[in-house]
Amino acid sequence: MAITDPEELAMACAAEMYARDPGSQKLGIEIETVRPQYARMRMTVEPWMSNGFGMCHGGFIFALADTAMAFASNAEDVPQIAMQANIDYMKAAALGEILTAEAKLVEQTGRTALWDIEVCNQDGEKRCYARGRTSKIKGTVRNRAI
């Protein structure tokens, strides 16, 4: 049976994507909320994620931001993949922090969409801002073959 409620569809897409996403699972990224054009994901900074300065390696923060954009952009069962993304780190993330990434649609034009992503710690302190662009591809999210 087809899902007609947009929020229910978004969560079904998120569940399907997460089940096929061992990278996010290994990083401990968790889904907090997914709805059309929005996703909020979280991740705890573990000791093995540290860089040579004893803080969270920026690549892991980028992975969290990218994952939030992926789940937000695919919440309507129309698959989209990242075309471009950049990130501005504002303050280092410490080991043990719980980081939350919120991705929001800025604009959709045809096949392309622009997304803003903010990453904050558990106290609401900003760690970075990211912006990315996605492009629609063929098929559906829930029926996409691996």
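The legends below describe close-up views of a predicted model. Residues are numbered from 1 along each chain as its sequence is written, and side-chain values use heavy atoms, with hydrogens and water left out. Because the model is predicted, local features need pLDDT of at least 70 and side-chain atom pairs count only at pLDDT 80 or more, whereas totals for chains, interfaces and linings use all residues.

**View 1. The largest nonpolar core.** This core, a set of buried Ala, Val, Leu, Ile, Met, Phe, Trp, Tyr and Cys residues joined through side-chain atoms within 4.5 Å, has 34 residues, of which I61, L64, L99, I117 and V119 touch the most other members. Two or more residues each come from α1 (6–19), β2 (38–44), α3 (58–73), β4 (98–109), β5 (112–120) and β6 (126–136), where helices (H or I, at least four residues) and strands (E, at least two) are DSSP runs numbered from the N terminus. The most is given by α3, with seven residues.

**View 2. The surroundings of L64 and T100.** Leaving aside neighbours within four places in sequence, L64 is in contact (heavy atoms within 4.5 Å) with I29, M41, R42, M43, L99, T100, A101 and V119. T100, placed in strand β4, is buried at a relative accessible area of 17%, where buried means under 20%, exposed over 50% and partly exposed in between, for a 1.4 Å probe and protein chains only. With neighbours within four places in sequence again left aside, the contacts of T100 are E32, R40, M41, R42, L64, E118, V119 and C120.

View 3. Q37, in the loop between β1 (30–35) and β2, is not a glycine but has a positive phi of about 70 degrees; its relative accessibility of 38% counts as partly exposed. D77, in the loop between α3 and β3 (80–89), is likewise a residue other than glycine with a positive phi, near 65 degrees, and counts as buried at 11% relative accessibility.

**View 4. The largest cavity.** A cavity is a set of points on a 1 Å grid over the protein atoms alone where a 1.4 Å probe fits but cannot get out, and lining residues have an atom within 4 Å of a point. The structure holds one cavity of 30 Å³ or more, and about 40 Å³ of space lies in the largest cavity, a volume being the space filled by probe spheres set on the points, which are joined across faces, edges and corners. The lining consists of F62, A65, D66, M69, A85, N86, I117 and A130, with α3 giving the largest share, four residues.

Conventions:
On a 1 Å grid over the protein atoms alone, a cavity is a set of points where a 1.4 Å probe fits but cannot get out, and a pocket is an open set with protein on both sides within 12 Å along at least five of seven lines; lining residues have an atom within 4 Å of a point.
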